[in-house]
Amino acid sequence: MLDPKIIREDPELVRQSLVNRGFDLTYFERFLEIDNRWRALIDEGNRLKAQRNKCAQEIPKLGEEEKRKLIGEMRTLSERVQQIESEEVSIEKERDEILQNIPNIPHVSVPVGSSDADDVIVRYSSEVRKFDFKPLSHWELGERLDIIDFERGTKIAMSGFYVLKGLGARLERALINFMLDLHLKQGYKEIFPTVLINEKSCFGTGQLPKMKEDMYHIEADNLFLNPTAEVPVTNLHSDEILSIDQLPILYDAYLPSFRREAGKHIETKGIGRVHQFNKVELVKFVVPETSMDHLESLLKNAEEVVQLLGLPYRIKLLCTGDLGFHSAKTYDIEAHAPGMDQWLEVSSCSNFLDFQARRAMIKFRRAPHLKSEFVHTLNGSGIALPRTMISVMENYQTRDGLIEIPAILRNYMGGIERIE
RNA sequence: GCUGAGGUAGCCAAGUCCGGACUACGGCGCCAGCCUUGAGAGCUGGUGGUGCUCGUCACCACGGGAGUUCGAAUCUCCCCCUCAGCGCCA
């Protein structure tokens, strides 16, 4: 959520940011209109309430006659207060809705563009791997080696789910442990949050109300299956005022994530887009003026994962038209999948500035006597498992259809060197 | 799941039966000032949010919501959470 003061005080900045993102201006113009009315109403309401409060204190001190008269007057006044309040409530509801539909302002360093075609490739790691045979896709490899079972995933759950078996399951576990150990060395504190999260947390990070259709919902208890550890981990500090010496806070978390992908046809074969996947997530809470530097180090921390795995990758700086709603600046890390001949997004590292913190009410104080301010939050995948698995399987395949285990993972797999 | 006790400011906690000087008692912590060579003690003030006319301003905030009332921390209804005991259970 944007600071309403920014929209009020510098509407031109917000207007330009919406144009750059390719958003239409309806909500924005409506905000300006409604915000004025909202403030006028608050003002009038407060005036009347002040009078009511004052008279309510006078009444017990008065004689019978005067008392009866004043109570009569107050009854009328109270009715007006109620009218104003109910109008306030409805305007406030609309105002909040509008605010929730205005995206974050892209940082000045974000390139202006209309779609992912305008994203800027910041760097390539190396050449993609060249094969002297036709590389197989991970689903072909997975089925041949009996380490990915799509049919049985569908049987026990539904289509879009899969089961890892044998060394496939073990490779997944090795990847998770490797990532967690790496992030520990990078200075992150490991968190293992809840898989089920409540409605309030989903609002806090902005999954609700916009992405409701994309989440699995447990009706009996009104809980949601975690769509990304960003939600529970960021909300660890919701409604808190942190002290400055706690910052920066760096968390990493391994957690299964669930997405209904409603409305999206899961056409891609394989495990590139599935309903349940593992992910290691990095989350930071930082002092505002340091957040852009923290974005760079966050990216480096995630990048190190693909580097150490020896995967060909590239870094993209998303343009205004491709930037996520809540983000002010985002880098994507894409690993190459030679079997599919595609670049796969394995990580998305974003700086949200105070956009999330304002919603989740995460504040800090520079000194005990100073006013609290919103922290800046950042997060990035460190990294998403299925697509990493794809890139590992397809890059490390051999001519005879086996998969070499990347050197860095062998210790995590009891010294096993290949899947055969 | 059942029964009971609770939820008041950063923390502890009075007030709730019986609505009105609650401007939410008191304490702890923290901040500022005074005092002091310094520290401590002591004293004074401050210690959540929003709005604007930026003030010794106004409004809001006693788990959340709705209601009754001129007036609600206090009364009524609904919901949430915590703790204890019992039950069930990996």
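Modeller: We shall take the RNA surface and then the salt bridges. This is a predicted model, in which local features need pLDDT of at least 70, side-chain atom pairs count only at pLDDT 80 or more, and totals for chains, interfaces and linings use all residues. Residues are numbered from 1 along each chain as its sequence is written, chains are lettered from A and ligands numbered from 1 in the order in which they are written, and side-chain values use heavy atoms, with hydrogens and water left out.

Colleague: Which residues are closest to RNA strand B?

Modeller: A residue is near a strand if one of its heavy atoms lies within 4 Å of it. Here 22 residues surround RNA strand B, and the closest are Arg39, Asn46, Ala56, Arg75 and Ser78. Of the RNA atoms that come within 4 Å of the protein, 79% belong to sugar and phosphate. By class, this surface has seven nonpolar residues (Ala, Val, Leu, Ile, Met, Phe, Trp, Tyr, Cys and Pro), nine charged (Asp, Glu, Lys and Arg) and six polar (the others, Gly among them).

Colleague: Which element gives the most residues to the surface near RNA strand B?

Modeller: Helices (H or I, at least four residues) and strands (E, at least two) are DSSP runs, numbered from the N terminus. H3 gives the most, with nine residues.

Colleague: How many salt bridges does a search of the whole structure find?

Modeller: A salt bridge is a side-chain nitrogen of Lys or Arg within 4 Å of a carboxyl oxygen of Asp or Glu. The search finds 28. In one of them, Glu303 pairs with Arg123, the closest N and O atoms being 2.6 Å apart. Glu303 lies in helix H10 (residues 291-309) and Arg123 in strand E1 (residues 120-124), so this pair links parts of the chain 180 residues apart.

Colleague: Is Glu303 buried or exposed?

Modeller: Buried means under 20% relative accessible area, exposed over 50%, and partly exposed in between (1.4 Å probe, protein chains only). Glu303 is buried at 4%, whereas Arg123 is partly exposed at 30%.
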